[in-house]
Amino acid sequence: MKILVSGANGQLGKCLQDVAVDYPEHQLIFLGREHFALEQFGMVHAVLQNLQPDMVINAAAYTAVDKAEQEVDLAMLINGEAVGNLAKICHELGIRLIHISTDYVFDGTASTPYVETDAVHPMGVYGKSKLLGEQLVLANHPESIIIRTSWVYSRHGHNFVKTMLRLMKEKEQIGVVSDQLGCPTYAIDLADAILKIASQKSKPGVYHFANEGVISWHQFAKAIQEITGSTCIVNAIKTAQYPTPAKRPAYSALDTTHIANSFGISIPHWKQSLEACLTLL
């Protein structure tokens, strides 16, 4: 199968390149913004027409959560309208589509992990833009698969784990938010799940993927500190003590039963995956 992956230079795009070696039966083509910019509708159409892939994995996105509060139009264009356009073209050309979304489509008022059918209610521009993308994908190409994920990290790009490693080297103590709960996702596990799904018969719809277990950012940081043997003290702080332009959901854990059962995917526990990532780093 010929698979085009957008967002090749992003964290997930690079992790898809890392795991692609395990899927030699597929021809994977990785394109970054310079060759496949979602917001350039003409470019997207020309590339898909020219390459005629069997599937597109859309790992491209506007991901600057706080900056999105100022760059509303840009976030809505890249994560919303452009994704809708991509879905429309894929539908016209008979190309399967897997699109990646986020836990930020929820408002965080739940107390048990969100299932795919729970009501969506994003609090910030980023979440709203990603929700618009989901809605347009389902409207323009109903056969698509949407995978929501959360708290993504890996050895690539900017992420919480790499930030913590840097801060723990630089400082004697740090404060990390303890009243936001969710599920970390090792991007390698996500990438592997995506390619497993790509290899199977299409079962369209919305799915959740994250590593097993629900924790706070503070617990996540403490685990990084313990595994690496850092002497840095990790203090628990409240969200109110660390204000950000965009509001984060207080609880955004994702229930992954649906994806595991639908595609026979076994999902590792967050701690096991964190250890694997830290070994690489």
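This is a predicted model: local features need pLDDT of at least 70, side-chain atom pairs count only at pLDDT 80 or more; totals for chains, interfaces and linings use all residues.
Residues are numbered from 1 along each chain as its sequence is written. Local features need pLDDT of at least 70, side-chain atom pairs count only at pLDDT 80 or more, totals for chains, interfaces and linings use all residues, and side-chain values use heavy atoms, without hydrogens and water.

First, the core. A nonpolar core is a set of buried Ala, Val, Leu, Ile, Met, Phe, Trp, Tyr and Cys residues joined through side-chain atoms within 4.5 Å. Buried means under 20% relative accessible area (1.4 Å probe, protein chains only). The largest such core has 30 residues. Leu 16, Ile 57 and Ile 98 are among those with the most contacts inside it. Which elements supply at least two residues each? They include strand S1 (2-6), helix H1 (11-19) and helix H6 (187-198). Helices here are DSSP runs of H or I, at least four residues; strands are runs of E, at least two; both are numbered from the N terminus. H6 gives the largest share, eight residues.

Take Leu 16. Beyond its neighbours within four places in sequence, Leu 16 is in contact (heavy atoms within 4.5 Å) with Phe 30, Ile 57 and Ile 194, among others.

Now helix H3, residues 72-93. H3 spans 30 Å from first C-alpha to last, close to the 32 Å expected, which is 1.5 Å times one less than its number of residues. H3 bends by about 35° at Ile 78. That angle lies between axes fitted to the seven residues ending there and the seven starting there. Ile 78 is also buried. Cover for the buried residues of H3 includes helix H2 (41-51) and helix H4 (125-140). Just after H3, Gly 94 has a positive phi of about 70°.

Terms used
Buried means under 20% relative accessible area, exposed over 50%, partly exposed in between (1.4 Å probe, protein chains only).
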